[in-house]
Amino acid sequence: MTEESSGRTFWGRLAAWGPYHALMRLTTASPRRQFLILAAFPILWVLTQHLGPMLQMIRVSLTDAYPVAQGVEQNFTLDNYARFFGDSIFWMPFFRTLIFAGVFTFCTLIITYPVAYFLARHVSRKNQMLFLLLLLIPFWVGEIVRTYAIMILLGNTGAVNLLLKSLGLIERPIPFMYTSFSMGVGIVYLTALYMLLPLYSALEKLPKSMNEAAADLGAGAWTRFRRVSLPLTIEGISSGCTLVFLISTGFYATPVLLGGPSTTVFAETIAGFFHVAGDEWPTGAAFATIMFAAALVLTATFQKLMSALRKGEKQ
Amino acid sequence: MNDRPELFRGNRIFLACVYWAFVLYVFVPLILMVVMGFKDSKFIGFPIRSWTLDWYTGVFADAEVLSTFGYSTAIAVLSTLISVFVGIWIAVMLEGRRFWGRTAVFGMTVLPALVPGIISAIAFRIYARWLGIEPGMGAIVWAHAVHNVPFVVLVVMARLSTLPRSQIEAARDLGADPLISFIRITLPYLVPAILGASIFCLLLSFDDFVRSFFLGGYEPTLPVLIFAKLRSGMSPEINAIATIALILTAAIGIWAERFTRRMNKET
């Protein structure tokens, strides 16, 4: 301690060093100036790096050519947006994506809710982390590797078909692959944990006494779930569904690998504009903007609805 | 635990079955994939009649695959360093005093984490072109760094909110300026959060496909390589590559989980 106060340590010497001292005096002269210096870099960063790409995408979507060739004038236009509505080859995948994402989100919710419920309510505190960690392990494995694992599971010579065949249930393998079913299995597999964690933390906060009180008053298991657990975990359901919906609309590799020609999603449509050498970027940007806007509007409406439901339950 | 288990026993057995069925659902595909890497045949599919280690030894002899591992690791490390540096700075600013427009800044901070994958990749692709960044390592590092910043900010902010303010005040009373008190008090307190966030960023970057795919040049990252190989047909070679990637990422994830938990308990 004495060493530090006498200023012989590195930090003490630094603080006493003339130029550093002057710089500190200058930058911390007033709380206002100090804050401006602290805030300048973060604000600049989020504006140019976080917001910038989105704004630039929207700007490009309103132009007729990008990147601009020399000597060609760049004009602003709404044609890229008009193109979307003009052809069913564009808006069919769009609506398919939104419907698929909605259905897959609902499936994820139905599958993970009992799992989260079991973890939060029926496993002792000491074991909860262990049981949760067990489920987190596959989560660390990447998107492509897990998609490939599903391909092996569901292929014509895959494990599921082998099992069904050896049980004598089928003679010919069922073609699971390249359908909306295989895509659904893959996407639920990838997103399950984003649903599980918000549900788990919502259920964990729920006091156990509530369920016991309901049971004492004669409520059965289903009534207890519907009248006690469900209304009190709406917040967790709402944030889990929002997260999973947004993530499932953005998958590109999984639909390419697990889906077929009849399950083309909008991500594939958008990506198509960036693969070709031709000048299709503005259209791709417009389509991406449409999709982002639609996803935002849908999730915002959903959250409003859920919070209205929550308020209704409280009264 | 329920105080009166007899009330809930029926539910409990049902829910336990659902839980273990779910464990099977998340593990079985990965186990099958690992097993398939030992199959002594070019064709993916069951049943497996003879076994071999050739696919694995093949991976370690394949210079292209090995350099891809290195490339992905380098990208992960560089982007994590940037994300952590920027993320801490943003978190300290947001967790400090309240200011006008704080909600807007927070909203913009978490934006990259909420944008669906394909849209984020497209937006980065367009922006990189505008900035004049060529597709390749620099572009991927930049995109991963920006995408991962929100996760660092959220983890560090959570830790900052439990920082005992009295320690900072004591340091200031003893004459430490804001910078020195940050480096000597705040930063050491944040170490568990920083480590946890770093590991998370490393894994996110290492596993990322969509941004690497759209911003990459000729050299593929590991997920992009696996994707390209898959498009030209399934083979046990891919299983061997994927299994090695799986073991690496899962091991780092488990280790980090345990490590940060222990550190959080100690401090």
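**Close-up views of a two-chain predicted model**

**View 1. The helices of chain B.** Chain B has eleven helices and zero strands; helices (H or I, at least four residues) and strands (E, at least two) are DSSP runs, numbered from the N terminus. The model is predicted: local features need pLDDT of at least 70 and side-chain atom pairs count only at pLDDT 80 or more, while totals for chains, interfaces and linings use all residues. Residues are numbered from 1 along each chain as its sequence is written, and chains are lettered from A and ligands numbered from 1 in the order in which they are written. Along the sequence, chain B reads α-α-α-α-α-α-α-α-α-α-α. Its radius of gyration is 23 Å, well over the 18 Å that the globule rule gives for 267 residues, so chain B is more spread out than a compact globule. The radius is taken over C-alpha atoms, and the rule is 2.2 Å times the number of residues to the power 0.38.

**View 2. Contacts and burial within chain B.** Of the 267 residues of chain B, 40% count as buried. A residue is buried if 20 or more other C-beta atoms, placed from the backbone, lie within 10 Å of its own. Among contacts in chain B with a separation of 6 or more, 77% join residues 24 or more positions apart. Two residues are in contact if their C-beta atoms, placed from the backbone, lie within 7 Å.

**View 3. The largest nonpolar core.** This core has 136 residues, and A:Y148, B:I122 and B:I226 have the most contacts inside it. Helix α10 (residues 180-205) of chain A gives the largest share, 14 residues. A nonpolar core is a set of buried Ala, Val, Leu, Ile, Met, Phe, Trp, Tyr and Cys residues joined through C-beta atoms within 7 Å. Leaving aside neighbours within four places in sequence, B:I122 is in contact with residues including A:M57, A:F274 and B:F214.

**View 4. Where chain A touches chain B.** Here 76 residues of chain A are in contact with 73 residues of chain B. On the chain A side, the largest share, 18 residues, comes from helix α4 (residues 31-61). That side divides into 58 nonpolar, 15 polar and three charged residues. Ala, Val, Leu, Ile, Met, Phe, Trp, Tyr, Cys and Pro count as nonpolar, Asp, Glu, Lys and Arg as charged, and the others, Gly among them, as polar.

**View 5. The two domains of chain A.** Domain 1 covers 2-61 and domain 2 covers 87-314, with bounds from an automatic or database domain assignment. Four residues of domain 1 are in contact with six residues of domain 2.

Notes:
A residue is buried if 20 or more other C-beta atoms lie within 10 Å of its own, exposed if 12 or fewer, and partly exposed in between; C-beta atoms are placed from the backbone.
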